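Dear colleague,

I am passing on a structure that you have not seen before, and I would be glad if you could look through it with the notes below at hand.

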Amino acid sequence: MAVQQNKKSASKKRMRRSHHHVAVPSVIYCQCGEPALPHRACAKCGTYKGLEIAPAND
Ligand SMILES: [Zn+2]
């Protein structure tokens, strides 16, 4: 196993971990008015780009 030669400083550790956040998902609004994920069928009405492609969820 590779072993590091020198201890990473607290600053370098924090620089590395600055990328460890969870991405906030982008939100679009369906024609039914519900917030939905882009490039996915609406969870409430089951439409995508105005076409019903999945059964409605309620
Ligand atoms: Zn919808």
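Residues are numbered from 1 along each chain as its sequence is written, and side-chain values use heavy atoms, with hydrogens and water left out.

On confidence, the mean pLDDT of the chain is 88, and 91% of its residues reach 70 or more; pLDDT is the predictor's confidence in each residue, on a scale from 0 to 100. Helix 1, residues 10-17, has the highest confidence with a mean of 97, whereas strand 4, residues 51-52, has the lowest with a mean of 73. Where pLDDT is low, the predicted coordinates should not be read in detail.

The chain holds one helix and four strands, where helices (H or I, at least four residues) and strands (E, at least two) are DSSP runs numbered from the N terminus. Read from the N terminus on, these elements follow the order α-β-β-β-β. The radius of gyration is 22 Å, well over the 10 Å that the globule rule gives for 58 residues, so the chain is more spread out than a compact globule; this radius is taken over C-alpha atoms, and the rule is 2.2 Å times the number of residues to the power 0.38. Along its principal axes, the C-alpha trace spans about 60 × 25 × 20 Å. Of the 58 residues, 12% are buried, where buried means under 20% relative accessible area, exposed means over 50%, and partly exposed lies in between (1.4 Å probe, protein chains only). Among contacts with a separation of 6 or more, 0% join residues 24 or more positions apart, a contact being heavy atoms within 4.5 Å.

Ser9, in the segment before helix 1, is partly exposed at 36% relative accessibility, and its C-alpha atom is separated by 38 Å from that of Val27, 18 residues apart along the chain. Ser11 is found in helix 1 and is partly exposed with a relative accessible area of 34%; its C-alpha atom and that of Val24, 13 residues apart along the chain, are separated by 25 Å.

Which residues hold the zinc ion? Its protein donors are the SG atoms of Cys30, Cys32, Cys42 and Cys45, lying 2.2 to 2.3 Å from the ion; donors are N, O and S atoms within 2.8 Å of the metal (3.2 Å for Na, K and Ca), and since water is not among the atoms, sites may look incomplete. The angles between the four donor atoms run from 104 to 114°, which makes the arrangement tetrahedral. Four donors count as tetrahedral if all angles lie between 85 and 135 degrees, as square planar (or six as octahedral) if opposite donors are over 155 degrees apart and all others between 65 and 115, and as irregular otherwise. In sequence, the spacing of the donor residues is C-x1-C-x9-C-x2-C. Cys30 lies in the loop between strand 1 and strand 2 and Cys42 in the loop between strand 2 and strand 3 (47-48), so the pair ties together parts that are twelve residues apart in sequence. Both Cys30 and Cys42 are buried.

Thr47, in strand 3, is buried with a relative accessible area of 13%. Apart from its neighbours within four places in sequence, Thr47 is in contact with Cys30, Gln31, Ala41, Cys42 and Glu52.

Two loop residues complete the account. Gly33 sits in the loop between strand 1 (28-29) and strand 2 (35-36) and is partly exposed at 47% relative accessibility. His39, in the loop between strand 2 and strand 3, is exposed with a relative accessible area of 69%, and its phi is near 65°, a positive value in a residue other than glycine. Most residues other than glycine have a negative phi.

With kind regards

Definitions and conventions:
Predicted model: local features only at pLDDT ≥ 70, side-chain atom pairs only at ≥ 80, totals over all residues.
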